[in-house]
Amino acid sequence: MSLLDDQRSKLLHELNSIVSEGQNPETLDIDLLATDDILYKLNDEDHKVAPAVRAIIPDIAKAVDAIVHAFSKGARLIYIGAGTSGRLGILDASECPPTFSVDPSQVVGIIAGGAKAIQTAVEGAEDNAEQAIADLKAHNLCADDVLVGIAASGRTPYVVSALNYARQLGCVTAGISCSPNAPVLEAAQIPLGAIVGPEALAGSTRLKSGSAQKLILNMLTTASMIRSGKVYRNLMVDVNASNDKLKARAVRIVMQATECTAEQAAEALMRSEHSAKLAILMLLSGVDARQGKSMLAKQQGFLRAAVQGKGHD
């Protein structure tokens, strides 16, 4: 008599086909090594992450273009995942408002198991396909939104269900996984498969897989915000100066963009109600705050176009 029921046997078969679950031949002796040698082994594996992400940049670009289009219509980017993948989505979403002064509802992170799962594993949450649909309904997912499903293993039922539901609504969907031919990649219109190989510790996808996912998420939001006019040169001109550090950063940004003094930057920020973008335009173009706001509105918020007096292409 088998000690494995049908469901566990099926799961065992699935795990056997997932790259991150395999044993890495480069780290079979990692438990015997001195501390520095362990760290060198981990670092050697980390060096494989960036090239794997670079290989899928054309596909990441497709996702960015879809996100920019959604933003232009007032729609949202929504991440959904379980465990580490879900936490990474929430992390990326939470960093967008202070970095780019966007509304917290513009980039949203959803994790299987809800808020409790951010710090504590919620048993069975990643297997609950019905709850994924309920969670998306609770966030009023609509056809104009872009949904990005994140699952290192690529098989998480919660994420696959979310992607299938979103496609039924007409959403553009992207799936992030580190396992080839994964259900998450097959369920998404834009598959983002960064194949980083077996982990240093078999199955521990918070390592290389987690790093690859974080790099992709960084690219999705950063490139989308750049394409949406949130950056001038390489400066975060829409930074939300909500604390002393960010207020000082806003002064520095204005100084870097205009080559003015700290006093001039602080004075322009005061007149612009602490908008670094508007303060820069005022200093570079010699206009007042009212004129500057009008110029930025005419150029859909693109500072370089406003400074040059040309339309954004």
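This is a predicted model: local features need pLDDT of at least 70, side-chain atom pairs count only at pLDDT 80 or more; totals for chains, interfaces and linings use all residues.
1. Setting aside neighbours within four places in sequence, L192 is in contact with I56, D59, I60, A63, A174, G175, I176, S177, L185 and I216.

2. L192 also belongs to the largest nonpolar core, which has 37 residues. Together with Y79, V148, I216 and L220, L192 is listed there as having the most contacts inside the core. At least two residues of this core come from each of α3 (49-54), α4 (57-72), β1 (77-81), α5 (83-100), β3 (146-150), β4 (172-177), β5 (190-193) and α9 (208-227). The largest share, eight residues, is supplied by α4.

3. Do look beyond that core as well: apart from it lies another one, of 26 residues, with L235, L246, L269 and L296 among them.

4. Now for the chain as a whole. Its secondary structure amounts to 14 helices and five strands, and its C-alpha atoms fill a box of roughly 85 × 50 × 35 Å along the principal axes. If you count contacts between residues at least 6 apart in sequence, 62% of them join residues at least 24 apart.

5. On burial and surface, 45% of the 313 residues count as buried. The accessible surface comes to about 16100 Å², and carbon and sulfur atoms account for 52% of that.

6. Finally, the charges: the protein chain carries 30 positive and 34 negative side chains. The centres of these two sets lie 9 Å apart.

Note on methods: Residues are numbered from 1 along each chain as its sequence is written. Side-chain values use heavy atoms; hydrogens and water are left out. A nonpolar core is a set of buried Ala, Val, Leu, Ile, Met, Phe, Trp, Tyr and Cys residues joined through side-chain atoms within 4.5 Å. Buried means under 20% relative accessible area, exposed over 50%, partly exposed in between (1.4 Å probe, protein chains only). Helices (H or I, at least four residues) and strands (E, at least two) are DSSP runs, numbered from the N terminus. Contact means heavy atoms within 4.5 Å. Accessible areas come from the Shrake-Rupley method with a 1.4 Å probe; for residues, only the protein chains shown count as cover. Lys and Arg count as positive and Asp and Glu as negative; His and the chain ends are not counted. The place of a charge is taken as NZ of Lys, CZ of Arg, CG of Asp or CD of Glu.
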